[in-house]
Amino acid sequence: MSDAVIVALITTAGSIFVAALTMWNSNKAVNSDTETMLKKENEALKRENNEKQEIIDYYRKRDK
């Protein structure tokens, strides 16, 4: 093989490697954002659940 073909193959392999790394890092960032969003949503739902439980407890005590 000539030097030009070897250089072209190395360049192509490098480009594919960089593209794969970019996609992997992009997916990792999206997953991190999704995880953060879900954690915040979970905390909000826990607070809402606690508020509703307090209301339920109040009416249980009142009705006794």
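How exposed is Lys46, going by its relative accessible area? Lys46 is partly exposed, at 43%; here buried means under 20% relative accessible area, exposed means over 50%, and partly exposed is what lies in between (1.4 Å probe, protein chains only).

A note on all views: this is a predicted model, in which local features need pLDDT of at least 70, side-chain atom pairs count only at pLDDT 80 or more, and totals for chains, interfaces and linings use all residues. Residues are numbered from 1 along each chain as its sequence is written, and side-chain values use heavy atoms, with hydrogens and water left out.

**View 1. Glu43 and Lys46 joined by a salt bridge.** Side chains of opposite charge can pair when their charged atoms come close. The cut-off used here is a side-chain nitrogen of Lys or Arg within 4 Å of a carboxyl oxygen of Asp or Glu, and four salt bridges are counted that way. For Glu43 and Lys46 the N to O distance is 3.9 Å. They are separated by about one helical turn because they sit three residues apart in helix 1 (residues 3-63). Helices are DSSP runs (H or I, at least four residues), numbered from the N terminus. Glu43 is partly exposed too, at 40%.

**View 2. Lys52 reaching Glu48 in helix 1.** This salt bridge has an N to O distance of 3.0 Å. Lys52 and Glu48 are four residues apart, about one turn of the helix. Both ends are partly exposed: Lys52 has a relative accessible area of 47%, and Glu48 has 37%.

**View 3. Arg62 and Asp63 paired side chain to side chain.** Here the salt bridge spans 3.6 Å, N to O. Arg62 and Asp63 are both exposed.

**View 4. The one aromatic pair.** Rings of Phe, Tyr and Trp (its six-membered ring) pair if their centres lie within 6.5 Å; planes under 30 degrees apart are stacked, over 60 edge-to-face, and the rest tilted. By that rule there is one pair. Tyr58 and Tyr59 make it, edge-to-face, with 5.1 Å centre to centre and 80 degrees between the planes. Tyr59 is partly exposed, at 39% relative accessibility.

**View 5. A nonpolar surface patch of Phe17, Val18, Leu21 and Trp24.** Patch members have over 30% relative accessible area and no salt bridge, with nonpolar side chains (Val, Leu, Ile, Met, Phe, Trp, Tyr) joined within 5 Å and like charges within 9 Å. Together these four have about 440 Å² of accessible area, by the Shrake-Rupley method with a 1.4 Å probe. Leu21 belongs to helix 1 and is partly exposed at 37%.

Conventions:
Helices (H or I, at least four residues) and strands (E, at least two) are DSSP runs, numbered from the N terminus.
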